[in-house]
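Thanks for coming, everyone. Let me put the structure up on the screen and we'll walk through it together.

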Amino acid sequence: MTIAPPYWLLAELTYRCPLHCAFCYNPLDHAAIRDELDTAGWVRVMREARAMGAVQLGFSGGEPLARDDLEELVAEAHRLGFYTNLITSGVGLTEPRIAALKAAGLDHIQLSFQDSTREMNDFLSSTKTFELKKKVAALIRKYDYPMVMNCVLHRHNLAHVDKIIEMALELEAEYLELANTQYYGWAKLNQHQLMPTLSQVREAEQVVQRYREKIGKRCKLLFVVPDYYEDRPKACMNGWGAVFLAVAPDGAALPCHNARSLPGVELPNVKDASLEWIWRDSPAFNLFRGDDWMQEPCRSCPEKAIDFGGCRCQAAMLAGDARAADPVCSKSPQRGRVDAIIFQAALKAPMDAGTQPILFRTDANSRALAAPAPDAAT
């Protein structure tokens, strides 16, 4: 099988983050992952990726601005010829830093909001950051970057989609990504609190469409429907080990953001091997390439070249087998598990008695979740 080079490199520089979002995709045990790659390590990763043919580079986290060497890394990426994107909460993006990043050659900034109001934005991130984010948006415009915003959607803010769009227009956003929560990491942990009903999703989708017709090209609106409300899976990462390569703060190489969650998969590390070997030859990156690994109904499905069987992490979580068809697919024998989740979302309001309270992404909660269960005999 011919293996094309990676197109997109995501540098997850750190899991440190000033926000505590309930839907964060970072691993639950992020607090235990502290051995971050140093500057020289990241420079080597970028050079190897560029030599292989990667052209897009995202700086992410956690919060990448928590790294003091971000400007140095951006400058090296620019020198190498990458198109660079900073994916940020905005916390730490002062005027001196954005000026330094501009001088270093940063091409693009994507700023996240949690909602259109201070109260809900600050509640969902468990921080007081709304006013700061608006100031950062003004800085992004001042330094002549395209104003690109994203907001993760769920049952707490889907009804506010119109206000989120209005806020984006007020901030002169050129692009707004309204991505419904994908249930991995902390979002999976808080699924009972975050999972919307079908009617909420459809109503929000209609609002977005009305705004598209109203505002035309003034701001491009992207609305990503949650997987559970589709009858076919998304082509996760455009196929395992096809175009996307992430490197975690500790150097673990990931074929997708959530690959750490897959049981029995030994992820290679850039501290131990070259990126070329990791991408082309490592067992982890070859595990779900092609279609030999597929079970039925995927193996004989005419759509397998379109959706690649869906998400391996979702299959592992919901079907208990990473090789199974993604259970969001209506052809999956495990689709009933998704339907049961949807049914429960329709029955239960997020604050109903008996619903687990939201567990925010904090180091303390991460350590508690990673701690071994107490011995019942003691």
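Predicted model: local features only at pLDDT ≥ 70, side-chain atom pairs only at ≥ 80, totals over all residues.

Okay, the overall picture. The protein chain has 15 helices and nine strands. Along its principal axes, the C-alpha trace spans about 55 × 55 × 45 Å. As for the inside, 54% of the 378 residues count as buried. And if you take contacts between residues at least 6 apart in sequence, 72% of them join residues at least 24 apart.

Now the cysteines. UniProt, in an unreviewed entry, lists Cys 17, Cys 21 and Cys 24 under "binding site". I'll talk about two of them. Cys 17 sits in the loop between β1, residues 8-12, and α1, residues 39-52, and Cys 21 is in the loop between β1 and α1 as well.

So, is Cys 21 buried or exposed? Cys 21 is buried, because its relative accessible area is 9%, and buried here means under 20%. Cys 17 has a relative accessible area of 25%, so that one counts as partly exposed.

Who do they touch? I'm skipping neighbours within four places in sequence. Cys 17 is in contact with Gly 62, Glu 63 and Arg 361. Cys 21 is in contact with Gln 114, Leu 124, Ser 125, Trp 186 and Arg 361. Note that Arg 361 turns up in the list for Cys 17 and again in the list for Cys 21.

Keep Gly 62 in mind, that contact of Cys 17. A cis peptide bond joins Gly 61 and Gly 62, with omega at about 15 degrees. Gly 62 is in the loop between β2, residues 56-60, and α2, residues 70-80. There's another cis peptide bond between Glu 296 and Pro 297, where omega is about 10 degrees. Pro 297 belongs to the loop between α11, residues 283-286, and α12, residues 304-307.

Next, let's look towards the end of the chain. Asp 363 lies in helix α15, which runs over residues 363-370. How many residues along the chain separate Asp 363 and Tyr 15? They are 348 residues apart, yet their C-alpha atoms are separated by 10.0 Å. Leaving out sequence neighbours within four places, Asp 363 makes contact with His 30, Ala 31 and Arg 34. At 30% relative accessibility, Asp 363 counts as partly exposed.

On to helix α6, residues 161-170. Its buried residues include Val 161, Ile 164, Ile 165, Met 167, Ala 168 and Leu 169. What do the buried residues of α6 pack against? On the strand side there's β4 (108-113), β5 (148-153), β6 (175-180) and β7 (220-224). On the helix side there's α5 (130-142) and α9 (198-215).

After α6 comes Glu 172, and phi there is positive, near 65 degrees, in a residue other than glycine. Glu 172 is in the loop between α6 and β6, and at 51% relative accessibility it counts as exposed. Ser 126 also has a positive phi, near 55 degrees. Ser 126 lies in the loop between α4, residues 118-125, and α5, and with 38% relative accessibility it counts as partly exposed.

Last stop, back to β4, one of the strands that α6 packs against. His 108 lies in that strand, β4, and it counts as buried because its relative accessibility is 15%. Beyond its neighbours within four places in sequence, His 108 is in contact with Tyr 83, Thr 84, Asn 85, Leu 86, Tyr 145, Pro 146 and Val 148.

That's my tour, so over to you for questions.

Definitions and conventions. Residues numbered from 1 in each chain as written. Heavy atoms only, no water. UniProt positions renumbered as here; feature names shortened; annotations may be inferred. Helix = DSSP H or I, 4+ residues; strand = E, 2+ residues; numbered from the N terminus. Buried < 20%, exposed > 50% of the residue type's maximum accessible area, 1.4 Å probe, protein only. Contact = heavy atoms within 4.5 Å.
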